Amino acid sequence: MLEIKDIHSYYGKSHVLEGVSLTVGEGELVTLLGRNGAGKTTTLKSIMGLVDTPAGSIELNGQSLLGQPPFRIARQGVALVPEHRGIFSILSVEENLQIAVRAGSRWQMADIYRWFPRLEERRRNRGNALSGGEQQMLAIARALLNDPRILLLDEPTEGLAPVIVDEIVKILKAIREEGLSVLLVEQNLRVCEAVADRHYILEQGQIVYTGSADDFRDDPGVRDRYLALSA
Ligand SMILES: Nc1ncnc2c1ncn2[C@@H]1O[C@H](COP(=O)(O)OP(=O)(O)OP(=O)(O)O)[C@@H](O)[C@H]1O
């Protein structure tokens, strides 16, 4: 499905990703962990064509994404939900969703309201009247309406109250059950362990660990070595 091999990414002269390789299989939910500044967001941006990635390869179902403009990458089935959510604050929830609806998409408004009853309750509220958790749900819902083949999520639970985090976990599990592939950047280990099939850890622009959910759970040393400061 998604196959990244040995990518190098830069901000100007600053060499941030130094040979990152990872894969996300069909229907797999994979997390990308690591301390602040490790390069997690940059990895998602590299997939989406938003940073300079002059070396390596990025393929979705065998088709190269590298070097294509972001709108083409989106059309090929990659959806990014960025950390700052990217919803329209002056539009209502319903309007935010309507402009993302695509004819022929696997998911339509009715599906979204079934998955996110809270968004249906709030459908006439403007984006800027929503809580952080509701904004996050709206951003995920908009991405789903685009009918992606893979969803890239950047810290969807950051700054949210525990009860809302639980709702996001439920949504992530539902997305996984639908068979959608997901690459999740997340600092909350409880969330990662609740939903993931596999984990990668990034450190200073390099992958330093990869393991199944079971391997990761059974090896607390990994956490101490690579994540202790941010967990
Ligand atoms: N627009 C930018 N211009 C220059 N350097 C940047 C830019 N964005 C990020 N960086 C640098 O790239 C490195 C990786 O940043 P990145 O945001 O990918 O890390 P991260 O693992 O997502 O961390 P965080 O959890 O803090 O978001 C950091 O050293 C950061 O300072």
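Me: Two strands pair if DSSP finds at least two bridges between them. What makes strand 3 and strand 9 a pair?

Reply: The structure is a predicted model: local features need pLDDT of at least 70, side-chain atom pairs count only at pLDDT 80 or more, and totals for chains, interfaces and linings use all residues. Residues are numbered from 1 along each chain as its sequence is written. Strands (E, at least two residues) and helices (H or I, at least four residues) are DSSP runs numbered from the N terminus. Four bridges join strand 3 (residues 29–33) to strand 9 (residues 198–203), and the two run parallel. Thr31, for example, stands opposite His199 in strand 9.

Me: How do you know that strand 9 and strand 10 pair, and in which sense?

Reply: Six bridges link strand 9 to strand 10 (residues 206–212), in the antiparallel sense. Within strand 10, Tyr209 is the bridge partner of Ile201, and Thr210 is that of Tyr200.

Me: What lies between strand 9 and strand 10?

Reply: The two strands form a hairpin with two residues between them, and Gln204 in the turn has a positive phi of about 45°.

Me: Why are strand 2 and strand 5 said to stand at the edges?

Reply: Four strands form an open, antiparallel sheet in the order 2-1-4-5. Strand 2 (14–24) and strand 5 (63–64) each have a single partner strand, so one side of each is left without a neighbour in the sheet. Further in, strand 1 (residues 2–11) and strand 4 (residues 52–60) share six antiparallel bridges, and Leu2 has Leu60 as its bridge partner in strand 4. Helix 1 packs on this sheet, touching strand 1, strand 2 and strand 4 (contact: C-beta atoms, placed from the backbone, within 7 Å).

Me: What makes a residue part of the shell around the ligand, and which element supplies the largest share?

Reply: Among the residues surrounding the ligand are Tyr11, Ser14, Gly34, Lys40 and Thr42. The largest share, three residues, comes from helix 1. By class, the shell holds three nonpolar residues (Ala, Val, Leu, Ile, Met, Phe, Trp, Tyr, Cys or Pro), seven polar (the others, Gly among them) and one charged (Asp, Glu, Lys or Arg).

Me: Why is the chain called as compact as a globular protein of its length?

Reply: The chain contains ten helices and ten strands. Its radius of gyration, taken over C-alpha atoms, is 17 Å, close to the 17 Å from the globule rule (2.2 Å times the number of residues to the power 0.38) for 231 residues, so the description holds. Buried residues make up 39% of the 231 residues.

Methods
A residue is near a molecule or strand if its C-beta atom, placed from the backbone, lies within 6 Å of it. Two residues are in contact if their C-beta atoms, placed from the backbone, lie within 7 Å. Axes are lines fitted to C-alpha atoms, for helices over the stretch in contact, and angles run from 0 to 180 degrees between N-to-C directions. A residue is buried if 20 or more other C-beta atoms lie within 10 Å of its own, exposed if 12 or fewer, and partly exposed in between; C-beta atoms are placed from the backbone.
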